[in-house]
Amino acid sequence: MGRAIGILGFGTIGRQLLTSIRERTVSASTVRIFDRHPDRVESSIDPASPANVVAVRSFDRLVDVDLVVEAAGQGAVREYAVDILRAGCDLVTLSVGALADRTLREQVIETAEQTGQTVFVPSGAIAGLDAITAAGNSDLESVSLTTTKPPNGIAGAPYLDSHGIDVHEITEPTTVFEGSATEAAEGFPSNINVALALSLAGVGPERTTVRIVADPDGQRNVHRIAVSGAMGDIETTVRNDPSPTNPKTSYLAVLSAIELLRDDRTVQVGT
Ligand SMILES: NC(=O)C1=CN([C@@H]2O[C@H](COP(=O)(O)OP(=O)(O)OC[C@H]3O[C@@H](n4cnc5c(N)ncnc54)[C@H](OP(=O)(O)O)[C@@H]3O)[C@@H](O)[C@H]2O)C=CC1
Ligand SMILES: O=C([O-])CC(=O)C(=O)O
């Protein structure tokens, strides 16, 4: 039967989630879908589709569910995350970089505590959050992320525009950003949400260091994580194929959201 699931944002991730629900990889009793382009949703739900898939035209009609998956953007997290929790829904957030804003982060956590709801942050396009979270039970000294993307994977980011960097003019692998996870998530809102996910698993957004490299010859979104602490060292590298419909979004991020929503596992593997 499954839970009633709301999908906020019907792009690359939202559409794949609906496919997984239709194919019954993810079970859901009802699906309600809201995007700021309602026509995109309505034209994808053919009249023959089961009546339990509903395109809604307002946020208020979305939250009549158990859990909302946000796959829209950081603006949607700012606009809706607290209201989703207040409406009694759990929240899965892909655009977790919005929580770089300390005030919003604290508001979301406090609201979840008050309402008894859970905020889920998927591993998304990176690997190792299980081990890093476990390592955090002892002392962590440093957590860093180096992300290498083809120019199409980062073009249009506000940080690049404000620094006059045209990634399409780059001719060799070039570091275009170095700073904290907070600065990375704010400067690259559609490209490096993983930095905030990593920081929440480890030492927090201010102490997590991030480097972003544009590689004109690269085809993949590569995320390298290095962690040191009382347990020793952790290093992970994921070389992601981009999603066919959005070069900024790695296919693994889609699969991660699907896995987080599966509730049919009798044996739970990983921390
Ligand atoms: N944590 C992780 O590992 C990863 C996170 N992400 C993040 O996940 C999010 C979704 O990714 P993806 O599916 O590829 O994105 P897409 O751009 O393909 O789809 C997002 C959809 O949501 C719509 N939308 C945007 N803002 C709102 C809003 N305020 N209210 C309602 N609908 C809205 C968009 O409309 P419009 O086209 O007008 O913007 C679009 O239709 C992005 O923020 C992305 O950065 C992606 C990959 C990895
Ligand atoms: O999909 C990826 O490689 C990472 C990404 O876009 C994000 O974290 O926002």
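## How ligand 1 is held

In this predicted model, a backbone N or O atom of L94 sits 3.0 Å from a nitrogen atom of ligand 1. That is a polar contact, meaning a pair of N or O atoms within 3.5 Å; within protein, one must be able to donate a hydrogen and the other to accept it, and residues adjacent in sequence count only if both atoms are side-chain atoms. Oxygen atoms of the ligand take part too: one is 2.6 Å from a polar side-chain atom of S95, and one is 2.9 Å from an N or O atom in the side chain of N246. The protein covers 85% of the 920 Å² of accessible area that ligand 1 has on its own (areas by the Shrake-Rupley method with a 1.4 Å probe; for residues, only the protein chains shown count as cover).

## The shell around the ligand

How many residues surround ligand 1? There are 26, and the closest are D35, H37, R40, S95 and T249 (a residue is near if one of its heavy atoms lies within 4 Å). By class, 11 are nonpolar, 11 polar and 4 charged. Here Ala, Val, Leu, Ile, Met, Phe, Trp, Tyr, Cys and Pro count as nonpolar, Asp, Glu, Lys and Arg as charged, and the others, Gly among them, as polar.

Now look at the helices and strands (DSSP runs numbered from the N terminus: helices are H or I, at least four residues; strands are E, at least two). At least two shell residues come from each of α1 (12–22), α4 (74–86), α9 and β13 (246–250). The most come from α4, with 3 residues.

## Two annotated positions

UniProt, in an unreviewed entry, places the feature "binding site" at A125 and N193. Although these are spread over 69 residues of sequence, they cluster in space, with a largest C-alpha distance of 9.1 Å. Such annotations may be inferred rather than shown by experiment; feature names are shortened, and positions follow the numbering used here.

Is N193 buried or exposed? N193 is buried, because its relative accessibility is 13% (buried means under 20%, exposed over 50%, partly exposed in between; 1.4 Å probe, protein chains only). N193 belongs to helix α9 (residues 193–201), and its side chain reaches the backbone oxygen of P189 at 3.2 Å. A125 lies in the loop between β6 (119–120) and α6 (129–135) and is buried as well, at 6%.

## Reading the model

Residues are numbered from 1 along each chain as its sequence is written, while chains are lettered from A and ligands numbered from 1 in the order in which they are written. In this predicted model, local features need pLDDT of at least 70 and side-chain atom pairs count only at pLDDT 80 or more, while totals for chains, interfaces and linings use all residues; side-chain values use heavy atoms, leaving out hydrogens and water.
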